[in-house]
Structures are given as C-alpha cells and as structure tokens.
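I opened the model today to go through its chains and its packing. These are my notes, in the order in which I looked things up.

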Amino acid sequence: MNIDRMQTPELLSLNKFNVDEEEPHIVLDKEICARCEDKPCLVVCSAGLYKLDKSGGISFDYAGCLECGTCRIMCKDKGIVKWVYPRGTFGVSFRHG
Amino acid sequence: MAGIYVYSDKKDLAAELVGFAKGCGKRAIVLTFDERAAKDLSNSGADKVCLLKGDSELVENYGKSIAHLLAEQGAELFVVGATVSGRDIAARVAGYLDCAMVSEASSITYTDGKLVTERMMYGGSVQQSEVLEGLCVVTVRAGKFEAISGAAEVTTLEISADTRTTLVERKDIVKEGADLSVAERIVCVGMALDKREDLQIAHDLAAVLGAEVGCTRGVAEEKHWLPVEQYIGMSGAVVKPKLYLSMGVSGQIQHVFGIRDSQIIVAVNTDPKAPIFKAADYGIVGDMYQVIPLLTKTLKGA
Amino acid sequence: MGDENFDAIVIGAGPAGIACAYTLAKQGKTVLVIERGDSAGSKNVTGGRFYTYALEMVDRGLTAEAALERKVTHEQIMMLSGNRAISVDYYDPSFNRVGGTAQSFTILRAVFDPWFAGKAEEMGATVVCGIRVDDVIEKEGKIVGVIAGGDEMYANVVVAADGVNSFIAQKAGLIKDIESHAVAVGVKEIIELPAQTIEQRFNLKSEEGAARLILGCTEGIHGGGFLYTNKESISLGAVFMPEEVARHGRSLPEMFQEFKMHPAICPLLEGGKTVEYGGHLVAEEGYRGIPKKLYREGFLVCGEAAGFVVNLGYTIRGLDLAVLSGLAAAKAILEAASPAKVGPAYMQQLEAVKLLPIMRALDGFTDALDIPNLFGTYPKVAADLFQKLYAVDGSVPDHLRKQIWGVVKGNKLTLRQLFADGIRGMKAL
Amino acid sequence: MSKVIACYKWVADETDIKVNADSTLDISKAKGKISDYDRNAIEAAVQAAGALGGTAVALTFGTPKAKQSLKDALSRGPAEACYINAEEAARADGAVTAKALAAAVKKIENVSLVVCGEGASDTYARQTAPRIGAVLDWPVITSVSSVRFDGNALIAVRRLEDCMQTVKSELPAVIAVLPEMNSAPIPGLKAVLSAGKKPVTEFKAGDLGVDFAPKTTVSALKAYAMNRKSVIFSEGEIADKVKELTAALRKEGVL
C-alpha cells in the first residue's frame with residue numbers, strides 16, 4: 001500500500017456511513033440549479049458529491065455527505081432547498097475524527 | 001445404516017448432495033417426503049432412498065423424528081439443502097441432537113477423518129473454517145457439488161410428526177421481474193447512467209447476450225428506473241451467473257457481495273480506480289456510452 | 001415528571017457541551033446532553049491538537065486520564081512553492097516538563113470525545129446519543145426546552161453547543177446563517193503508519209509529537225495545510241476559503257490531493273494507508289466573528305456555534321476555547337441568582353475564564369492573515385530567496401541586497417506593496 | 001401476565017472490522033451494535049406483547065462487553081431486560097447459544113412466545129430459533145413475514161422461495177422473523193431516557209446449568225480475498241479494447 005492521489009469516491013468508501021433512505025437530509029431543486037450559472041457546489045463540496053451530468057445538469061447523491069455545510073453556505077441561487085443534519089444515528093460516523 | 005444422510009426439498013439439490021456424499025467415499029442415504037422426488041432420486045447414485053410418510057404436510061414438523069432416526073441409524077453426517085425449509089429442519093435436527101451444525105458451508109471436506117468446513121461471516125467479508133467431530137449437520141446451497149447417477153432402492157418409512165403447527169394456506173409468489181438468482185448472464189447498470197431512456201443500451205446488449213438486466217441499489221431505490229427486485233447486492237439479489245457484465249458500476253462492497261459467485265465478472269467504467277475493477281476478471285476503462293453500443297455491435301456481428 | 005425537566009439541556013457532546021455538562025453535574029445539577037451522532041465525537045473533525053490548560057481548568061488532573069495521542073514537542077511551520085519547501089522546526093521540551101502536564105497534545109475526536117463524555121456521565125450527567133435536536137421550545141419569550149426525535153424535553157437552561165453550523169442558535173433567533181466569507185472549509189485524511197515510522201520521520205521520541213502548519217499549498221487561495229502526528233497515524237489536512245475556491249474553479253478535493261502528493265509532503269506519508277476522509281467548516285473571523293448576542297433568557301451558545309475559534313497562521317485554537325466556553329456557561333448557570341441573570345453571568349464568565357480576552361488579544365491575526373500574498377506570493381518569494389542563497393554554481397554571486405531586490409521584482413511585487421503588507425501585518429499584530 | 005421474549009445478539013459492526021496485510025482480522029476496534037435483524041425481532045416482540053396483553057422482555061447472551069447493549073435494547077420498547085453475562089459467549093456456537101437462551105427462557109417463566117431475528121449480522125447462521133425450539137421442545141416457525149394471534153393460537157405467514165405459507169401454531173412457541181416484518185423505529189429521546197430506569201436481570205454462566213462447551217472448533221478466521229484475474233484494458237482505442245474483451249470472453253466460454 002502506498003500513498004497516491006485518491007478520488008473522492010475512493011476516499012469516502014473508507015468512511016462509515018449509515019444512509020437514511022427514507023429522509024434525504026439535502027434536497028435540491030434541479031430547476032433552480034439548472035439556471036444557476038456559477039454552480040459553486042461543483043468545486044467547494046469537500047466530498048465532491050456535486051457533479052455535472054451529460055446534459056449539464058447537477059447530479060448529486062447525499063449518501064457520501066461529510067455534513068460540513070459548505071454547499072449550503074456557498075449555494076448562490078438557493079437550489080439547495082433543504083439542508084439539515086441527518087436524523088439521529090444516520091449519516092457519516094467518523095472512526096477517528 | 002451408517003453414512004451420510006441427505007435431505008432437500010429441492011430434488012436437484014438433493015442429487016448434488018448425494019454426489020458430495022459419494023465423492024467422500026461414504027454411503028449416501030436420501031430422505032424425502034415426496035413420492036415423485038423419491039422416484040427421481042432413485043437414480044441419483046445414492047445407496048438408499050427413504051420415502052418418509054407421516055401425517056403432517058409441513059416437513060418442518062418432522063425435525064424431532066429425523067433427529068431420532070439419524071441417531072438410531074448411526075448417521076455420520078446430515079447434509080441438507082440450504083432452502084428456507086431445509087435450513088429450518090437442519091437446525092431443529094441439530095437442536096434435538098445437541099450436535100454441531102454449520103450453516104451454508106461454502107466447502108466441506110473430510111481431512112483425517114474429521115469434517116472441515118468453510119463458511120462466510122460478516123456479510124461475506126470474512127471466511128471461517130471449522131472442524132467438526134461426531135454426528136453433525138451441515139447445510140449447503142445449490143451449485144456446490146455435481147450430481148451423479150446410479151440406481152438405489154426406495155424404501156418407505158413411517159415417521160411421526162409434531163402436529164402442533166398446521167398449514168392453513170399456501171400461495172405461490174408471482175415474481176415481477178426476471179429471477180436474477182438463476183440468470184446465466186447479467187448486464188448490470190450503475191449510477192453512471194444519465195437517464196432512464198439510456199437503459200436501452202443495456203437492454204440491447206442483454207438481448208445479444210441472452211442476458212437479464214440488473215442494476216445497483218441506487219438505480220432501483222433512488223432513481224426508481226428498475227424494479228427493486230432487479231438490484232444486486234447484499235440487501236438485494238445475490239447472483240451467480242456465468243457472465244456478469246457491469247456498466248458504470250463503481251463497485252461498492254455491498255454490491256460486490258452480490259456478484260462474487262459469478263464465474264466471470266466484467267466491468268466498464270470511466271474511472272480506472274473504481275473498486276469494481278479489483279473485483280473484475282476483465283475490465284475496460286472507458287465511457288460506457290461508447291463501449292457498450294460498440295460491444296453490442298461487435299457481438300451481433302460475430 | 002422529573003424526567004422531563006432538567007436543570008440544563010446541552011445540545012452536542014463535543015468539548016464545549018461536555019465541559020459544561022461535566023461542571024454542572026459535578027455540582028449536583030441534573031443535565032441532559034443530546035448528541036446526534038451514534039457516539040460522542042462521531043460527527044466531529046478537528047485538525048488535531050488540544051491545549052491542556054483548558055481541561056485542567058475544568059478539573060485539575062483530568063489531562064492525565066484523557067484519551068490523547070502525542071504531546072506536541074515539535075512546533076513546525078512549512079512553506080511550499082512549486083516543488084520547493086522551507087521548514088522551520090521549533091523544539092521546546094519546556095512545554096512538556098517531566099512530571100508536569102504537557103502543554104498540548106494531538107488528538108482524534110472519535111477517541112477523545114467519548115472519553116470526555118464518559119467522564120461527564122461519571123459525574124452524573126445523562127448523555128444520550130443518536131438523537132438530533134430539531135428545535136427549541138419557546139414560552140413567553142423564554143427558551144424552555146427542546147424538541148428532539150418527536151419528544152419535548154424541558155430545562156431551565158438550554159445550552160447550544162452544536163457546532164459551526166449551529167442550527168439551534170439560528171432557531172433561537174440569535175444568529176443568522178453563516179456567511180460565506182466568514183468560514184473556511186477544511187478536509188483531512190487520516191493516514192495510518194506504525195508509531196516507529198512516525199517517530200523516525202519526524203525525529204520524535206516515543207509519545208512526542210509534531211504539529212505543522214503549512215503555507216503555500218492552496219494555489220494562492222486563502223488557507224493552508226496542517227499535519228499532526230498521532231500515535232499511529234498522521235492527520236493531514238488543508239483549509240480553503242470556499243469563496244475563493246469557487247472563483248478559482250478547481251475542485252477542493254483535487255487541490256488537497258495535489259498538496260498530499262507534494263514532493264516534500266508525500267515522503268512523510270510513504271507506506272501509510274489512508275483510513276478516513278473528513279470535512280469540516282472553520283469559523284475564520286476570530287473575535288469579530290462572534291455573534292452579537294450569545295444568550296437569551298433560558299438559552300446560551302457555546303463553542304464553535306458561538307464562533308470561538310482563532311486561526312493564528314502558526315497554530316489554530318478552537319478546542320481549548322470550546323472547553324472554556326462550556327466551563328463559563330456552567331459557572332454562569334451555577335452562580336446566577338435567577339434565570340434572567342444567567343445570560344449576563346455567562347458574558348462575565350467568558351471574561352473571567354479569559355476566553356474573550358484571549359480572542360480580543362489575538363484579533364489582529366485575522367487582518368494579518370487577510371493579506372492575499374501570504375498564501376501564494378510570499379511563500380514563493382521566500383523559496384526564491386533560499387534558492388538564490390543556496391545555489392552555488394561557480395558564478396560570482398550578486399550582492400545580497402541585489403539578490404533580494406531581484407527576487408522581489410521577479411515576483412512582480414512593488415516596494416509600495418511590500419511596505420503596505422508590512423505595515424498591515426505590523427498593525428494587525 | 002405472560003412474557004414475550006425478544007432474543008438479540010450484540011455483534012461487532014462488520015464495517016469496523018480491519019483486515020491486516022496478512023488477511024488476518026482485527027475486530028478489537030469494532031464498535032458493537034444490536035444485530036440488524038434483531039431490531040426487527042425486538043419490535044415484533046413489543047408488538048406481540050401488546051397484542052397478547054403481556055410484557056416484552058429483551059434477552060441477550062453475551063460477553064461482559066454486551067452490557068452496553070441493554071440500554072439500546074430497552075430503548076426499543078421492552079419493559080425489562082435479561083442478560084446472560086458470560087465470557088463463554090465469545091466462543092459460543094449455535095448449540096451453546098440456543099441452550100443458554102432456552103435456559104434463561106425457562107428461568108423467566110410464564111413465557112408465551114420467543115421471538116428471534118432470522119439471522120445475526122455476524123454469522124447469519126439462522127440456527128438460533130429452531131434450536132431454541134428444539135431445546136424447549138416448543139413449536140417453531142421461521143422466516144415469518146407477519147403474525148397475528150387468535151386466543152392461544154399464533155397464525156404466521158412465512159416467506160419461502162416460491163410461496164407464502166400461512167401456518168397456525170399453539171403457544172408457547174418460537175418464531176424467527178424476517179426484516180420485512182416491521183420497520184424497527186429509531187428510539188426517541190424519551191424512550192432512551194426511560195431505558196436506563198428499566199429493570200435488568202443478570203444471569204451468570206453458572207446460574208443456568210448449561211454445558212458451555214462448543215460443538216464446533218473454529219480453526220481459522222480470515223478475510224475473504226477476491227481472487228479475480230483483473231485484466232483491465234485501459235490504453236488505446238475503444239474499438240481495440242472491445243475486441244480484446246470479446247476475445248477474452250470467448251476464450252472463457254461465457255458468451
């Protein structure tokens with residue numbers, strides 16, 4: 001094993017997540033996102049969860065969220081219509097922290 | 001009669017277990033409750049087929065009697081097909097005999113006269129080996145052993161049932177999608193799929209391969225592009241096709257758990273570091289939107 | 001029912017919340033701590049160092065029992081530019097006198113926080129994990145309790161120690177949501193290495209540790225890197241201003257990976273195995289970032305939720321300030337003659353435990369760190385200078401002053417700008 | 001009042017298990033949890049106790065470490081808990097586990113129903129319920145997807161591979177429930193707070209008169225190694241990669 005550049009999916013796979021399938025803690029209004037020109041979420045998310053899909057829209061999966069809150073603060077056009085912490089016991093659980 | 005006693009409510013699986021018993025050089029005695037199965041199994045290479053008859057239609061109700069039978073006959077091992085009902089009977093028998101039992105062994109061998117088994121733990125990430133002595137019980141899934149042939153006598157045996165539990169009703173389950181667990185080839189779609197309509201490229205490839213289409217959890221549970229029965233993984237379908245080919249699947253451990261009994265695993269993904277490649281026999285690093293249609297075309301042409 | 005009415009409800013089982021609960025419980029108060037993570041510390045990410053004086057203020061001798069990693073004996077600063085690196089290593093054993101309490105330790109939150117929460121439980125506090133507090137209950141202008149997991153729970157005082165995003169202080173109407181210029185976002189990898197390897201690479205004796213802050217690793221973006229040695233792992237992270245990241249246009253995780261692979265960083269990690277990746281927001285405005293009001297009747301805000309973090313460039317302080325604020329909150333609750341007086345008493349206690357004085361004194365660093373050249377140009381100037389000093393190729397060297405001037409000009413800096421940044425820096429400090 | 005017992009197992013969280021370079025395992029740092037399906041068993045027991053007018057009792061057999069599970073189990077609804085605290089649990093196999101649990105069921109007295117999860121997250125051996133039934137000589141119903149009561153009778157729907165089977169049995173009985181039986185709720189704040197005040201009965205190994213010698217000997221425990229060819233075509237034109245792949249698959253005989 002040696003140190004190498006790692007993509008976020010690989011990094012996130014090291015963490016422990018208990019994904020809340022019933023209640024997503026972050027919800028986007030993709031129509032608003034489609035109109036957003038800057039899309040800062042693409043670069044500021046610490047987990048790299050915001051991506052562009054083929055048609056130029058935002059693709060996002062809350063499952064690997066590190067719960068830092070950066071996307072919420074940087075979201076310009078308020079396409080993030082819901083951002084709360086996951087319900088108790090759900091979300092990321094750091095083993096080291 | 002001493003030897004290995006075999007039971008499964010699936011007669012093909014019972015035949016495979018006879019194959020195992022004979023492969024160990026032991027006598028194989030088949031237990032069955034079904035007359036037709038008894039007839040078919042009389043050509044499975046067993047030494048004896050016991051058609052058990054009693055007054056309950058629930059096979060689980062014979063657990064205690066089978067335990068007595070095995071003890072009386074001096075059985076060495078009771079090997080049972082791992083179906084819902086098989087697992088139940090096996091554990092009851094083990095309970096009444098107060099003996100060792102290994103559930104869903106992935107391998108069983110005799111080494112120095114002792115039975116050595118292997119099985120999976122912790123969702124498939126850990127393998128445990130155990131050594132068993134004396135009369136014990138093991139359950140085994142289908143497909144682990146080869147059936148053989150050879151004539152055996154069929155004897156009928158009256159056996160008593162525990163009738164405290166009775167059957168009220170039985171309803172067949174109507175399956176919505178294809179049964180992935182028995183599919184020979186599977187094309188699996190992952191989250192790299194952009195939109196529902198693009199499933200067509202998976203269906204096109206599946207048509208050429210004679211494959212069923214499966215997907216990852218996200219495609220079924222989040223996008224709802226395929227029915228939930230079609231997702232493969234620890235909490236979904238566990239498959240063992242000859243060929244599993246994934247497109248745009250990243251390969252999280254839970255998904256990989258569901259495919260690792262596949263004979264050949266193929267992955268197509270743009271990310272060379274996607275974990276699926278570690279679990280694959282063959283892989284193409286590339287965009288599935290280019291690779292898959294080309295693959296379909298190539299296979300069609302051949 | 002006595003069950004549903006506590007002297008205090010503390011939201012969040014981090015160092016601020018637990019310091020508060022510990023102190024209250026020790027004095028016989030009934031305290032309920034509600035933590036949304038599966039266990040204390042499971043939602044927390046910290047760069048990784050803790051100053052022990054704060055824990056000693058909560059209870060003398062606590063540090064000796066605490067679940068800590070390595071005592072920091074090596075304070076380090078590193079500047080990167082291109083493939084080049086300048087390192088400063090300050091070794092001072094006097095911070096860690098034998099028989100005394102070491103000044104600071106590296107820590108891992110998922111290890112430290114459960115220990116601290118356990119201590120509060122020993123004192124009689126009730127710590128409930130796995131429950132998210134959804135809202136506060138307000139009656140007649142006072143906060144009287146919380147709604148959590150569908151249940152209502154009442155207390156004389158609710159202490160919000162729920163971290164940087166502090167939704168609870170927002171719900172209580174004390175603060176607005178964080179503004180993007182007021183925070184930086186940090187990411188970090190935990191990389192496992194054998195203790196021996198860490199000690200060899202960082203020139204440490206057993207139990208000794210290094211704490212390193214790194215400039216010039218953020219592509220000119222306001223921010224920096226950090227590296228802390230734990231017992232059997234290294235915490236490597238970087239902090240960026242998200243506003244500038246958005247303008248810069250390169251993804252933050254990508255920039256962090258670039259930093260990790262720097263030829264002066266990567267060899268320190270060699271043979272290691274990454275075991276975790278975390279992200280966290282950090283308040284960046286120091287004293288100025290503290291909300292105008294930290295209390296209302298029946299309600300106090302502590303720790304990161306109250307903006308009690310300072311970034312000094314050479315070190316970051318947050319955990320010790322969190323503990324101080326929790327302690328101050330508890331003392332205020334204990335001493336106030338009536339519920340209405342708890343808030344003002346809290347402000348007095350924040351002075352008495354020296355939290356606010358410390359933050360005021362360090363206020364200037366915010367300005368100093370606001371100099372944009374600090375994160376790209378100056379590390380480069382320094383590296384260029386070292387390059388000139390150490391390059392020996394047989395040619396006749398220029399006069400030193402000329403060399404310096406050449407470097408300054410080469411980096412398109414004007415004297416005026418240098419002077420202005422200098423004055424700004426001086427004034428700030 | 002009759003008692004409905006929910007058996008649960010405190011297991012190491014499989015996601016915390018570390019694999020060493022030599023593929024041995026380090027479970028020492030793994031957090032514990034109530035085995036996933038056992039949460040459904042506890043919920044089923046609480047519901048059954050409601051239907052039968054009895055009380056639900058959480059029962060576990062574990063090492064001293066399992067003590068920390070009691071609060072979690074009780075916060076899920078049972079009125080009391082019963083804990084067989086024995087170091088032997090670390091080495092227990094299906095035989096030992098069933099005998100220990102059955103012995104506790106006898107001690108608890110007046111038990112009308114024992115509910116187990118279909119299988120544990122660690123072993124997933126699915127032996128416990130049938131074995132307890134055998135030890136007690138009670139009727140057993142496994143793979144239960146729903147249940148109702150009619151006087152002293154229990155009517156359960158079982159899910160088999162190809163059919164749903166409805167069976168009827170007399171009480172007392174042992175059932176093993178599937179996770180589809182219910183959705184085990186996340187305990188609320190008040191439930192967690194009250195859990196700490198509920199009564200817990202603790203049995204030591206010696207109290208039960210059970211032989212704790214396991215019937216199987218574990219000879220090895222190691223990480224499962226994915227043994228695949230990993231031939232990855234990453235360079236060159238896509239058309240060539242596809243050609244190479246089809247040739248390889250043809251050779252494997254899977255086309």
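**Conventions.** I am working on a predicted model, in which local features need pLDDT of at least 70 and side-chain atom pairs count only at pLDDT 80 or more, while totals for chains, interfaces and linings use all residues. Residues are numbered from 1 along each chain as its sequence is written, chains are lettered from A and ligands numbered from 1 in the order in which they are written, and side-chain values use heavy atoms, with hydrogens and water left out.

**Chain pairs.** I took contact as heavy atoms within 4.5 Å.

**Chain B.** I counted helices (DSSP H or I, at least four residues) and strands (E, at least two), both numbered from the N terminus. Chain B has eight helices and 16 strands. Its C-alpha atoms fill a box of roughly 65 × 45 × 35 Å along the principal axes. Of its 302 residues, 54% are buried, meaning under 20% relative accessible area with a 1.4 Å probe, protein chains only. Among its contacts between residues at least 6 apart in sequence, 63% join residues at least 24 apart.

**Cores.** I used nonpolar core for a set of buried Ala, Val, Leu, Ile, Met, Phe, Trp, Tyr and Cys residues joined through side-chain atoms within 4.5 Å. Which members of the largest core touch the most other members? They are C:F299, C:F308 and C:Y346, in a core of 92 residues. Helix 10 of chain C (residues 319-335) gives the largest share of this core, 11 residues. Another core, of 64 residues, lies apart from it, and I noted A:F94, C:I214, C:L236 and C:F259 among its members. Leaving aside neighbours within four places in sequence, the contacts of C:F299 include C:V136, C:I143, C:V157, C:I168 and C:L294.

**C:L227.** I found C:L227 in strand 13 of chain C (residues 223-229). Is C:L227 buried or exposed? C:L227 is buried, because its relative accessible area is 0%. Not counting residues up to four places away in sequence, C:L227 touches C:F202, C:A210, C:A211, C:R212, C:I214, C:I234, C:S235, C:L236 and C:L268. I also looked up C:G48, 179 residues from C:L227 along the chain; their C-alpha atoms are 8.4 Å apart.

Technical notes. Buried < 20%, exposed > 50% of the residue type's maximum accessible area, 1.4 Å probe, protein only.
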